[in-house]
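Let's walk through this structure together, from the whole chain down to single residues. Keep the 3D view open as you read.

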Amino acid sequence: MENKIAELKNTFDEEVKGTNTVRDIDEMKVKYLGKKGPVQDLMQSLKDCSKEQRPLFGKLINDLKGAFSEKIENRFSFLKDQELKQKLAREKVDISLPGKKEFKGSIHPISQMMDKVVDVLKGMGFSVFLTPEVESDYYNYGGLNYPEDHPARDMQDTYYLDKSTLLRSHTTSFQQHVFEMYDPPVRMVCPGKCFRNETISSRSHVIFHQCDVMYVDKDVTFADLISTQKEFYRLLFGREVEIRMRPSYFPFVEPGMEVDLRCLLCDGAGCKLCKHSGWLEVCGAGMIHPEIIKGGGLDPEVYSGFAWGGGIERLYLLMHQIDDIRLFMENDTRFLQQFP
């Protein structure tokens, strides 16, 4: 028995010195101290020894087991430290190499433009009113004097969720919300995202952003609308800009008009953005229709108001001389990084 113990100890010592990885030492632990290992075999062989020899050999086997465990733990710690040092050596940073440039995030150009528009209007005395992107047919159409058979109600233009619920097609849907909550005088703006089922091009997209403006009080005139708009665009662009107004029809205004700005990209000479006309439509506007004022619980003989709504993307196109609205939705960092 003593010879077996001494021989096993020598074999173990040689083998433990030859281990090079943590995995090797784990395998040795299972090999020598496991249930089917030689130490366990020695314990089983005690039954073949005499009663006088059992205590002596039992102590020798336990001492051997303890020595194996200690050497395995020491070797494991040593190899673990070695592997960690090798890993750190591989991951060491060479400070003489040029660093990797990191780009900081920034506010999206559309959000920048929206904030600027709202700030200008707030400075002119308007308050911000927000409405949900999912609207009822009443607020989006019915309350804005759209006839039941109006083409804009058809599926080709509007994203309906069910018969009476839709994704708002314009922020003008805020008007009846305002009438339900506030009494004149009312000066409100509603910025937000809109949705229309349109052909995507350099000038239009199925997802776009608008800011609608409304002012309702006694004795509000068309002249108030024109002067307010001119002042708004002057403050927004930081200089005088040339505006053209054309008669147009919208169910929610009477009279109605479309407002064009002389294209700042080509300075009126004609380009792809303005369809070579020298002008770019920026909003629809007009005096709020008497039926809408009546629907808001007011007397149209006493109260009047004006409203306009325009796209945010087109204003940014003009301000920064960009010729394709689709760039805002493509998340191309090469484009976005130009507008920190």
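The mean positions of the 45 positive and 52 negative charges of the protein lie 10 Å apart. Keep in mind that this is a predicted model, and that values such as this one are computed from it. The accessible surface comes to about 19400 Å², and 51% of that surface belongs to carbon and sulfur atoms.

Now for the overall build. The protein has 11 helices and 9 strands. Its radius of gyration is 40 Å, well over the 20 Å that the globule rule gives for 340 residues, so the protein is more spread out than a compact globule. You can see this in the C-alpha trace too, which spans about 120 × 50 × 35 Å along its principal axes. Of the 340 residues, 44% count as buried. If you take the contacts between residues at least 6 apart in sequence, 67% of them join residues at least 24 apart.

How many of the residues of α10 are buried? The count is 7 of its 9 residues, which leaves the helix mostly covered.

Aromatic rings are the next thing to pick out. The structure holds 14 aromatic pairs. One of them joins phenylalanine 232 and tyrosine 233 edge-to-face, with 4.9 Å from centre to centre and 65° between the planes. Phenylalanine 232 and tyrosine 233 are both buried. Another edge-to-face pair is made by tyrosine 316 and phenylalanine 339, at 5.5 Å centre to centre and 75° between the planes. Tyrosine 316 sits in helix α10 (residues 312-320) and phenylalanine 339 in the segment after α11 (333-336), so this pair ties together parts that are 23 residues apart in sequence. Tyrosine 316 is buried, as is phenylalanine 339. Back at the other pair, Phe232 and Tyr233 also belong to one aromatic cluster with Tyr215, Phe306 and Trp308.

Glutamine 175 is worth a stop of its own. This residue lies in helix α7 (residues 175-181). Is glutamine 175 buried or exposed? Its relative accessibility is 0%, and under 20% counts as buried, so glutamine 175 is buried. Leaving aside residues up to four places away in sequence, glutamine 175 touches Leu144, Met214, Ile288, Ile292 and Ala307.

Histidine 205 makes a second stop, in the loop between β4 and β5. With 13% relative accessibility, histidine 205 counts as buried. Its contacts, again not counting residues up to four places away in sequence, are Arg196, Glu198, Ile200, Arg326 and Met329. For a sense of scale, the C-alpha atoms of histidine 205 and methionine 257 are separated by 22 Å, and these two residues are 52 apart along the chain.

Finally, turn to the backbone. Which residues does a cis peptide bond join, with omega about 0°? They are proline 184 and proline 185, and proline 185 lies in the loop between α7 and β4 (186-195). A cis peptide bond also joins glutamate 254 and proline 255, with omega about -5°; here proline 255 has its place in strand β7.

Positive phi values turn up in loops as well. Asparagine 145 has a phi near 70°, a positive value in a residue other than glycine. Asparagine 145 lies in the loop between α6 (137-140) and β3 (165-167), and at 28% relative accessibility it counts as partly exposed. Aspartate 219, also not a glycine, has a positive phi of about 65°. Aspartate 219 is found in the loop between β5 and α8, where it is exposed, with a relative accessible area of 67%.

Key: Residues numbered from 1 in each chain as written. Predicted model: local features only at pLDDT ≥ 70, side-chain atom pairs only at ≥ 80, totals over all residues. Heavy atoms only, no water. Phe/Tyr/Trp six-rings, centres within 6.5 Å; stacked < 30°, edge-to-face > 60°. Buried < 20%, exposed > 50% of the residue type's maximum accessible area, 1.4 Å probe, protein only. Helix = DSSP H or I, 4+ residues; strand = E, 2+ residues; numbered from the N terminus. Contact = heavy atoms within 4.5 Å. Rg over C-alpha atoms; globule rule 2.2 N^0.38 Å. Areas by Shrake-Rupley, 256 points an atom, 1.4 Å probe, with all protein chains shown as cover. Lys, Arg positive; Asp, Glu negative; His and termini not counted. Charge placed at Lys NZ, Arg CZ, Asp CG, Glu CD.
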